[in-house]
Amino acid sequence: MIQRKQQIAGIALVVLLLVLAGLTLFSQTLQTVLLPKVTTAKADKKTLTFRIEGSGPITPRKQIELISDSGWKLEKVHVRHAEQVKKGQILITFDGTEAQQQILDAEDELKKRKLNRELIAEQFVTAQRTGDEGEIRKAKRDLELDGLDSDIAMRRIETLRRDLERKRTLTAPADGIVTNLQAEEGRSILQGQPVLTIVETGEGFQFTFTADKDSADLMQLGEKVLVNVQGDKPLKSEGTVAEIKDATGGSGGGSAGNPDVDSGNLDGNAKGQKTIVVHVSGDDLKGGELASVSLVRPFQEQGLVISKKWLRKDGTGSYVFVVRENRSSLGNTYTVQKAYVNTGKGNDDEIVVLDGVYPEENIVTESSEPLQEGNRIRLN
Amino acid sequence: MIKGWVAPLLRSLLLILIASLLLMPVVLTVVNSFMTERDIMANYGMLGKTDTSLFVNLKWIPDWVSFQQYGEVLISTPKFLYLFWNSVSMVVPIIIGQALVAILAAFAFGKLSFPGREGLFFLYLMTMLMPFQVTLVPNYLMADRLGLLNHPGSIILPGVFAPFGVFLLRQFMLHIHSSYIEAAKMDGAGTLRILVSIALPMVKPGIAALVVLLFVDYWNMVEQPLIFLQDAAKQPLSVFLSHIQDDVLGVSFAVSVVYMMPMVLLFLSAERYFIEGIQLSGVKG
Amino acid sequence: MKSDTIPKAFSRRMARFFRSDAFSAIGLLAPSLAGFALFYLIPFGQSVLTSFQDRLGGSFTLSNYKELLLSSSFQKAASNTFSFTAVSVPILVAISLLLALLLNQRVFIRNWLRTAYVLPLVVPVASIVLVWQILFDWNGALNAVLQQFGLDRQDWMKSNWAGFVIVLVYVWKNIGYNVILFLAGLQNIPDQYYEIANLEGASSARKLFGITLTYLTPTTFLVVLMSVLNSFKVFRETYLVAGAYPHDSIYMMQHYMNNMFLSLDIQKVSSAAVLMALCIMVLVFVLFRTERMFRSYME
């Protein structure tokens, strides 16, 4: 009995030690078999940058449309398209024949009136001679009326003359470049129609593009930006953000700068779109060139940056699996845990996490098996 | 007739009652090692917490038998096994070393006469009687000088040269009748020859006893590693078990069982030698 | 001639020496002695020296001892250890003697019972610590029982009850050891003594006190000595149950030494070790003396 007890105990001891030895040798292998393997990375503390792109045709900041106010025929066009003109330079001479005719008519009318006046003066003299009080008064009144009439006629002539003088020529109101030249010699332009446009080069150029609100928020008024101009020859110019305003549906040139947002989605959605006006200065600009900006901006929301691929979603929201190290005196074990995150903005592959993860946390990037909350894992 | 039968039974029952009280902690540990971690936490999770009015729920029978703890300890967390082998790797060299050194010295003390024998043996005896708090100081000083601190050698070497083995085996050697040795001497056998072919077979039970007693002693050691080994990874299971309660309460019963099992089994398989050793030495355990 | 005989005699003596026990003994003792000296004797001698040395100059001084004896934590540790030993050793010896006496009579499954009593001795303390905590924690099983009987619960490990708990653990652990020793002692009492007593018609009580306990006295001395020595080991239990800084009532010499160790106060540790060694030596000396006196009285 006793002997047997001792034997059993001895065998059990040997078996125990062998089992423990075996387990020790294979524990690494067993772990490999039993636990999902994961790769981890830490959230980046970098500032996530965002690319804003937009383009639009360059337009002058200030241009003056000269309008035909007479409807006269054009006698002479002194300038060509795109010609540089100085303030006061005569641009176009109109054919003033019609007006001159009117003046001549009026002058003749006046002459007729002078002749008529002599008659009235004679009647007055006659009336005085007769001494008839009534006759005298009437003749005197006639004389005064006539004087007034000829004053009016003379003023009219004067007006016509000035008018002719003014309308005869079209002069440049400011230094600039002639564009949109409609005038052709020999043709007439209807009253109120534009004849040509003077672009005031001294005032610079601008271009406009729309961008979604998020990117627009990253820009500031008065901010300097680099503008690429594709004209006859490509050139770079400095621009200034002059205006950021709510886009009125569909207006504004250029394209939205955010590749992240489906522009169709937000088109016409005034809340999402902003029109940005950029002033461009540059002597070589003429207007009409295609200008584009490409800005790299840090996000205003500063947080940790993670790859979008790490994010998973469930009913509660977006989360990442983070590795929790369970420090125990038995050895550290690792489990994964869902960490729900508040994400901010992101670009193509990265996104800002506002809260939910800490800088030192290991975030699961890849795993050999689908993970669930609380799974024990093996770190790669 | 009945009287002669009743008294032993009553005595036996009383002794069994006391024995079961003594075994209670061991049984409780073993039984609880088959509970799930969840059960353990539910029953004992409030240990050491002052912010709860819950009491532990002493469980004698698990709701269901589970090997979860063992799986956790033996398979999922290799560190436990490493510590286990830490213990083994300190205890085994000590036992082998001390047995070898002690056999030689014990034979000299027990069976050879030389001047200063009694005085020298008295030194061994007194040192053996010293509580480890006293011997720890010289051990520490020497380990420090030899640059052994934080190295298992700082525990193994003093263990190998501890005087207990010499003392215990001398007790066994004394029981060898001198006539055997005299006879061998007549045949012209050298001392070493006598030791190996006569004394050694006769003190086998003594060696067995020494092995068991040393195993019990060093498997249990807490103080030496606590002081000599700063590095937690080098410490044996015994030290580690002392701060197990908080963080791995759920598996600590299984850990305890695995830790006590080799000793219990060794004891059961060599109980005779163990008891003989204690009776003969009357010292240490 | 003369110059010839001396080497001859010398070589003869040498030859005899080589064949003598003494030479063999040196060879056999060499490994043990070398290690023993290296790890125990020399450094202990050194720590004795250190204990008398000034912290800075190294000159002879008793200030380490003075400082030690005046230190309140040492006093506390020493008195706790002393009172613990004074209380626990008699309890342990009495219980184990009782058990051994019972076990030495006709009982069933004696071997199994003996195994059961000895088992706590081999169960690693660290394995069982958890059970002690379950029993004696503030939320522990003992308090749960007390609560059921409508009694106030106790913070066993953090009150004066801690000493009681430690005594319990100590008894649990060491009972088997003493039972083994007592059983051996009991079996060494020749059966004839009892037979003679039976013939003389002595009562059981008379047999117990006249024969059993009397002839068990040498064993008892040994048991007491071992119990005292083992009581120093109770640090292990206290440390594991209560940590490095337990409740005041169980702050033992061992804690003191341990904490001094960790603060690397070698002077203090050395002097404490020397003091402790002295106490043990005195204790052993006294016990052996009384045993010898007792023996000569018996004969």
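Which residue forms a salt bridge with A:Asp146, and how far apart are the closest N and O atoms? I looked that up before anything else.

**Ground rules**

I'm working with a predicted model, where local features need pLDDT of at least 70, side-chain atom pairs count only at pLDDT 80 or more, and totals for chains, interfaces and linings use all residues. Residues are numbered from 1 along each chain as its sequence is written, chains are lettered from A and ligands numbered from 1 in the order in which they are written, and side-chain values use heavy atoms, with hydrogens and water left out.

**Entry 1: salt bridges in chain A**

The partner of A:Asp146 is A:Arg113, with the closest N and O atoms 3.8 Å apart. I noted that this pair links distant parts of the chain: A:Asp146 is in helix 3 (residues 133-168) and A:Arg113 in helix 2 (residues 97-130), 33 residues apart. For the term itself, a salt bridge is a side-chain nitrogen of Lys or Arg within 4 Å of a carboxyl oxygen of Asp or Glu. Helices (H or I, at least four residues) and strands (E, at least two) are DSSP runs, numbered from the N terminus.

Then I checked cover, where buried means under 20% relative accessible area, exposed over 50%, and partly exposed in between (1.4 Å probe, protein chains only). A:Asp146 is buried at 4%, while A:Arg113 is partly exposed at 23%.

Next I took A:Asp142, which has a salt bridge to A:Lys138 with the closest N and O atoms 3.7 Å apart. Both sit in helix 3 of chain A, 4 residues apart, about one turn of the helix. A:Asp142 is partly exposed at 24%, and A:Lys138 is partly exposed at 46%.

A:Glu361 lies in the loop between strand 21 (350-355) and strand 22 (362-367), and A:Arg324 in strand 18 (residues 318-326), so the pair ties together parts 37 residues apart in sequence. A:Glu361 is buried at 9%; A:Arg324 is partly exposed at 27%.

I also found a network: salt bridges that share partners join A:Arg113, A:Arg117, A:Asp146 and A:Asp149. Over all chains, the search gives 10 salt bridges.

**Entry 2: chain B against chain C**

How many residues does the contact take from chain B and from chain C? I get 103 from chain B and 90 from chain C, contact being heavy atoms within 4.5 Å. The two chains bury about 8,600 Å² between them, 75% of it on carbon and sulfur atoms. Buried area here is the accessible area (1.4 Å probe) that two parts lose on being put together, summed over both. B:Leu15, B:Leu22 and B:Phe55 supply 8% of the area that chain B buries against chain C, more than any other three residues.

I counted 0 salt bridges between chain B and chain C. Helix 1 (residues 3-32) of chain B gives the largest share of its side touching chain C, 18 residues.

**Entry 3: the two chains themselves**

Chain B has 15 helices and 0 strands, and chain C has 13 helices and 0 strands. Of the 285 residues of chain B, 62% count as buried; of the 299 residues of chain C, 50% do.
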